[in-house]
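Reader: I have a new structure open on my screen and would like to talk it through with you. Could you take me around its helices, strands and loops?

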Amino acid sequence: MTQPTRPTPELLAELRKPRPYPAVSVTLPTHRHWPESQQDHIRLRNLLTEAEKRLADDPEVTKAQATAVAQQLAAAADTLDPEYFGDGLVVYASPEEHRSFLVGGSVPERIVINTTYLTRNLVALAAREREYLVLVLSTGEVRLWRGQGDQVTEDRDSGYPVITSGAERDGAPSRDGGQWASQDFRNMLAEADRKLTAVLQGNRLPVVLVGLPQHIATYREISHHGQALAAEVEAGGLLNTTPAEMSAQLAPARRALAEADTARAMRGLDEARSGKRYSAGAQDVWQAAGEGRVALLVVEEGLRVTARPDTVEGAERATLTLLEPEEAGVPGAEEDIIDSLVETVLSADGEVIFVPDESLADAHGIAAALRY
């Protein structure tokens, strides 16, 4: 059935495991809103029909296998409701199973038949929509929210909200709060910061601060978690907001987190270049990844590289022969070698970050920081 939640690292690892041929991956750009979404289900059916035709024409696929996969693809389509499509759709099918994922980012229209599923779109989604925390600051209390992508929920199980004793005094505080209000406010923020320590333990999550400028400034002054405070949203009056309203308020912060990830990736590459641990271009990065040397792989989101992995001196898939996209049918060729490259790096405990197109123009869209 369609997976409404984001893929976990464990699930991604399971999806990357080799499978008997044919394992079919279908990706389709979709639309969130009517009337654009009206044709998405028809387009999906047409794409699945094309996948079935390719299976039927593939000499390596038996008739029984083609029929079994076609049935799995049809079952996947039956579980999908076009009224709830996101920005993209990913469907996997083999003779024994089918899985579907809604993605909150653009994907190309593709059909890939291989011995593994095409997971790069889910990997990019997991990186783009990683978890984060939100502290909503006000004069009288601090609330904690948890977010992943554009989905946010308030957390009331971690000791929040933290309420100041001053909020219970008679009369509203003055604009400057008075001496007692100022101290009560700082005590409340300090208590919220102490509770944040437990929340962050074992989870290096970025924290977004939401509140009036003076509230944010005071919290930053007293916090022991300065390195985790990744973004700010200057806004008040959000104590009783709905999740949808909060998500809309956090849109600039999510963009800031994505930009920070891109900046971190670029810093990692710069440091690797300075330390002579840098590799660029699909061929060189492929060889380094095969040797388990890639600590950080940085790829432009729209990059596709058609290539044939070649055996060199007995080492299987050791190097690449780059091909033109129209040569994808050449024996041994892969339509997009980036998919296999991402899987190789992740399986060796490397990190993969996708960055906007043109970010790596001097590296032909792909670069890596090496372990040695």
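**Strands, helices and a buried loop residue**

Author: Happy to, and let us begin with a pair of strands: strand S13 (residues 294-300) and S16 are joined by five bridges and pair in the parallel sense. Please keep in mind throughout that this is a predicted model.

Reader: Thanks! Which residue in S16 stands opposite Leu296?

Author: Strands of a sheet pair through backbone hydrogen bonds, either parallel or antiparallel. S13 and S16 pair in the parallel sense. The residue in S16 that stands opposite Leu296 is Glu351.

Reader: Which strands stand at the edges of that sheet?

Author: The sheet is open, with four strands in the order S12-S17-S13-S16 and mixed pairing. An edge strand here has a single partner strand, so one side of it is left without a neighbour in the sheet. That describes strand S12 (278-280) and strand S16 (351-355).

Reader: By how many degrees are neighbouring strands of this sheet turned against each other on average?

Author: Direction is ignored for this value, and the average is taken over neighbouring strands.

Reader: At what angle to S16 does H8 run?

Author: Two helices lie across strands of this sheet. Helix H4 (residues 120-128) lies across S13 and S16 and runs at about 85° to S16. H8 lies across S12, S13, S16 and strand S17 (366-370), and its angle to S16 is about 120°.

Reader: How far apart are the end C-alpha atoms of H8, and what span should its residues give?

Author: Helix H8 (residues 251-274) has 24 residues, which at 1.5 Å a residue should span 34 Å. The end C-alpha atoms agree with that, because they are 35 Å apart.

Reader: Which residues in H8 are buried, and what phi does Lys276 take?

Author: The buried residues of H8 include Ala253, Leu257, Asp261 and Thr262. Ala265, Gly268, Leu269 and Ala272 are buried in H8 as well. Just after H8, Lys276 takes a positive phi of about 55°.

Reader: How many nonpolar residues does the contact of H2 with H3 have?

Author: Among the residues that meet there are Leu44, Leu48 and Leu55 in H2, and Val69 and Leu73 in H3. By class, the contact has three charged residues, one polar and, on the nonpolar side, 11.

Reader: Finally, is Leu238 buried or exposed?

Author: Leu238 sits in the loop between strand S11 (229-234) and helix H7 (243-249). Beyond its neighbours within four places in sequence, Leu238 is in contact with Val136, Val210, Met246 and Gln249. With buried set at under 20% relative accessible area, the 10% of Leu238 makes it buried.

Conventions: Residues numbered from 1 in each chain as written. Predicted model: local features only at pLDDT ≥ 70, side-chain atom pairs only at ≥ 80, totals over all residues. Heavy atoms only, no water. Contact = heavy atoms within 4.5 Å. Nonpolar A, V, L, I, M, F, W, Y, C, P; charged D, E, K, R; others polar. Expected span 1.5 Å × (residues − 1). Buried < 20%, exposed > 50% of the residue type's maximum accessible area, 1.4 Å probe, protein only. Pairing = 2+ DSSP bridges. Axes fitted to C-alpha atoms, helices over the stretch in contact; angles between N-to-C directions.
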